[in-house]
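Student: I'd like to learn how to read salt bridges in a structure. Can you walk me through it?

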Amino acid sequence: MRYLERAGRRSLPGRQARLATAAILVATALAACGGGDDGDGGAAAASGAKAPATIPDLTDDPLTLSFIWFEWPPAQALEDFANAEYTKERPNVTIEVNTVPNANWHDAMFTQFAAKQTDFDIPILDSQHIGEAVTNGNILDLTDFVDENIEVDAYDPYLLAAYGQYPQAETGQRDEDASLYGLPLLGDTWTMIYRKDLIGDEPPKTWDEMIDVAAQCQEDNPGVSGLAFHQSNGSDAAAVTYNTVNGVYGGNLWNAEDKTIEGVINDEAGQKAMDVLVNEMKPLTAKGSGNWFIDEVNAAVAQGKACIAFQWIAAAGGLVDPAQSTLGKTEDEILDKLGFATLPTQDADVVPLGGMGMHISAYAPSERQAEALNFMKWFEQEDIQKKWAAAGGVPARTDALESPEFLEAGPFNQVYADSVSRMRDMWNVPEYAQLIDIENTNVNAALNGAKDPEEALDDIAEQQQQVLDSDGGGL
């Protein structure tokens, strides 16, 4: 996605950061009262309000439709695109995409959900947030609306499931009997970024080869690190990195059928992945990179300080912007040095699922719920998805993904199209926030030398299992 600059964004970092503690307190109070858990992990509590199959009458009065997301370039792209295009159909509507720092994103939404009063109409949820929102009745059930208004066959079933279904099918196929609570907004996965001028035009094909190439590049180019990747304890940064390495070495995060984590994530393949990450990949990163995330990886690439890097495609657009790069004065000059490729394989062929879906707050006023439904129907049309792609978005519709509007809009967009069939998600359960915090903390500690890697992985397995067991198995 193009990395766009913004002036005057309605960012809410101070307010939402102060709400983080309140979120924990409110969530604890709700749990004590039985909210979202009835002994089977909350499945029976998934009884939120249903959206109508037909969009209600829309108001002609001025209306502001408010989203909440985290602060990154796609947030601006969405607001700019919607105000340019949606207002052609609904000139009385203004779109606002309010943002918070990534680390506060979950709490910014769920604090208000817990209070049953939101100042946003469309929360943009990560796929793993859906279970928590559904079991607490925070978002509308869109199943009937989708059946009547959305061309579900136009999407890869896995993407439709990942961004809206609960419970989510672990097979990568949509479960026709499961409800849909959201629709795709932005698809995403990792791309491997490599210096063609340093390692050659052909990217490494296996993970082991990638490590060897990065090590040689680092040795041959003093001041340039072999690798740059996410290591931070914030958001899901360190966890996604470990999970990706776990996947390519043939590991699994859990047994979804019986909700077993201990003995799965830390089996032989899982331990191999942790060893590779900490003892082979980490030594090839820059000094002080133990808390890097999106911006720091982009800066290292743009400043010519990394041979190979891994980044979310939706955050990679600035890398070809001459105003943000030291690698060339034009995009073509930069692309003479930078290549973008799908992730290497090893014992398995998987890539991380990124992206998010649009949902509707159960506490938004009725006229804004109606407008939100209308916006979703409009946004998911083929021609609009292609325009979104041309504007820098990463669409989820197959026809848009395969269109020239998308494939020619960025040098990394073909990578996304080629990666959809390889995607693997994390746990789509209400306890996601607890599970990701456990994993982030321990992986980050292992990467920074504060914890033995094998001990860190065993602690992840034990602590995550305790969470699922105490909450009834996660579903």
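Predicted model: local features only at pLDDT ≥ 70, side-chain atom pairs only at ≥ 80, totals over all residues.

Student: How many salt bridges does a search of the whole structure find?

Tutor: The search turns up eleven. To call one, you look for a Lys or Arg side-chain nitrogen within 4 Å of a carboxyl oxygen of Asp or Glu. Take aspartate 141 and lysine 50: their closest N and O atoms are 3.3 Å apart, so the pair counts.

Student: What does that pair tie together?

Tutor: Aspartate 141 sits in the loop between α4 and α5, and lysine 50 in the loop between α1 and β1, so the bridge ties together parts 91 residues apart in sequence.

Student: And is aspartate 141 buried or exposed?

Tutor: Buried means under 20% relative accessible area. Aspartate 141 has 6%, so it counts as buried.

Student: Which residue pairs with arginine 90?

Tutor: That's glutamate 371, with the closest N and O atoms 2.7 Å apart. Arginine 90 is in the loop between α2 and β2, while glutamate 371 is in helix α13, 281 residues apart. Both arginine 90 and glutamate 371 are buried.

Student: What about arginine 368?

Tutor: Arginine 368 forms a salt bridge with aspartate 121, again with a closest N and O distance of 2.7 Å. Arginine 368 is partly exposed at 23% relative accessibility, whereas aspartate 121 is buried at 1%.

Definitions and conventions
Residues numbered from 1 in each chain as written. Heavy atoms only, no water. Helix = DSSP H or I, 4+ residues; strand = E, 2+ residues; numbered from the N terminus. Buried < 20%, exposed > 50% of the residue type's maximum accessible area, 1.4 Å probe, protein only.
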